[in-house]
Amino acid sequence: MVGAEEVLRRVLDEGGRASWDVPPRQVAEAGSVYEAELAAARERSGCDEAVVTGEGLLRGRRVAYVVSEFRFLAGSIGLATADRIVAAVERATAEGLPLVAAPSSGGTRMQEGTLAFAQMARITAAVTRHRAAGLPYLVYLRHPTTGGVFASWGSLGHVTAAEPGALIGFLGPRVYEGLYGKPFPEGVQVAENLFDKGLVDAVVGIDDLSEIAARALDVLCTGSPPAVAPLPPVERRRPAVPEPEHEEGSAWDSIVRSRSPERPGVRELLRYGARAVTPMSGTQQGEADPGLLLALARFGERPCVVVGQDRRSQREGQLLGPAGLRVARRGMSLAAELGSPLVTVVDTPGAVLSAEAEEGGLAGEIARCLADLLTLSAPTLCLLMGEGTGGAALALLPADRVLAARHGWLAPLPPEGASVIVHRTVERAAEMAEAQGVRSGDLLRNGIVDEVVGERPDAAGEPVEFCRRAAGAIERSLDALVGLGQAERLAARAQRYR
């Protein structure tokens, strides 16, 4: 496995390289196991974080770079890692530089849990703004690239190449085997197969990368980038945390309740809480997905486009796939055309995990959903109604305002999967859920959601009342959002997870 410094040595011109890295912020508690893991990672890798950033010359052209170091905790993305990536992307944008990214990562850093997971949206926002400035973004997927990295900034390149033989996929094989008790089909999550399926543009060795990149930049850099104003400073205040109506309970309690077959979902929300509901079907391009509901509706007097994950269909085996995310993007496009608010409903045990989904571009569709949602001109609101697992949940999350049901939760993986990664067994899932801060109360305290909608004590026992309560919260929030200026909303959205 080739490290970050070796990649830079073999791709960039000799001399003239400058690091942009500053010492990372301290995120581990003194004396904790995680602090010891970070210290060991620094010694093993020779790096102080899982990415290195800076600028250099590529065949004489000045470029910025973000390169993963897999030997540092499997290249995982924590808060300090995200700080470094976002700072580099924003500096490249400000200085008008093309950006070359070479990820090699297992995804979210499990030790930092949900707050680290949300940083994928923050990184995507920075990359999307770089692209909107008319600046090239090249991606070189190295062995291995999986999880949230592949489903965000690893799938947004103008041109994307991959290392020969590299493992590239949405879900890492070890997690899949731990959850399902069988290996993932061979030959699917391999660079050459992704090229055959049209998911990457080229498979090239590291020593050939500079030639391919220089050739692409020779075309991509010829235009005059549009002027893009810097993001205005936004003071994002932490929401006041009200006293809970009932004892918060454990994270595992919320997870169990959220998985109940009797729990209401987006269909019940529209039936009991909305009016003038007009269901719509598919992408209009020959694809549909029962796991994703698209509709026009009114909450009170406020019209909107609704994109919601349907828990009933997913529980019956129709897990969300690439087509469902393309349906969601149709809803986003419709909201933008109409200037109508978009309401997303997150309620998913996770995206479908299959060879067909991988080859159908699941990770790329998650990344594009994120990018579209983060840049949508219309007001956006998300309701985290139940389960919020992985990239399928994150794809519909980063809105102007985020509400969560009391027993709604958000995590980078199902707790069982996180337990497999950290402890190599599913038996410590409840412990992982608690440590990762997945509950609605944790999300509220960390600024990931803005308001918790009460359950008294469980939506499954009061479906009509809960849906009406949630609909009332949606209506109030939409009324407030519509009164804000577009520039203010977009700036706050882009900086939400800082």
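Which side chain meets that of Arg-312 in a salt bridge? The partner of Arg-312 is Glu-268, at 3.6 Å from N to O; a salt bridge here is a side-chain nitrogen of Lys or Arg within 4 Å of a carboxyl oxygen of Asp or Glu. The model is predicted, so local features need pLDDT of at least 70 and side-chain atom pairs count only at pLDDT 80 or more, while totals for chains, interfaces and linings use all residues. Residues are numbered from 1 along each chain as its sequence is written, and side-chain values use heavy atoms, with hydrogens and water left out.

Helices (H or I, at least four residues) and strands (E, at least two) are DSSP runs, numbered from the N terminus. Arg-312 is partly exposed at 39% relative accessibility, whereas Glu-268 is buried at 16%; buried means under 20% relative accessible area, exposed over 50%, and partly exposed in between (1.4 Å probe, protein chains only).

The structure holds 43 salt bridges. Another of them joins Lys-197 and Glu-359, at 4.0 Å from N to O. Lys-197 lies in the loop between helix H8 (191–196) and S9, and Glu-359 in helix H14 (residues 355–359), 162 residues apart.

Another open sheet of seven strands has the order S10-S11-S12-S13-S14-S15-S16, and its pairing is mixed. Its edge strands are S10 (275–280) and S16 (451–453). Strands S11 (residues 292–299) and S12 (residues 302–309) pair in the antiparallel sense over eight bridges, with Leu-292 opposite Gln-309 in S12.

Finally, the cysteines may be considered. The whole structure has zero disulfides, a disulfide being a pair of cysteine sulfur atoms within 2.5 Å. For Cys-369, the nearest cysteine sulfur is that of Cys-382, 12 Å away. Cys-369 is buried, at 0% relative accessibility.

Terms used. Two strands pair if DSSP finds at least two bridges between them.
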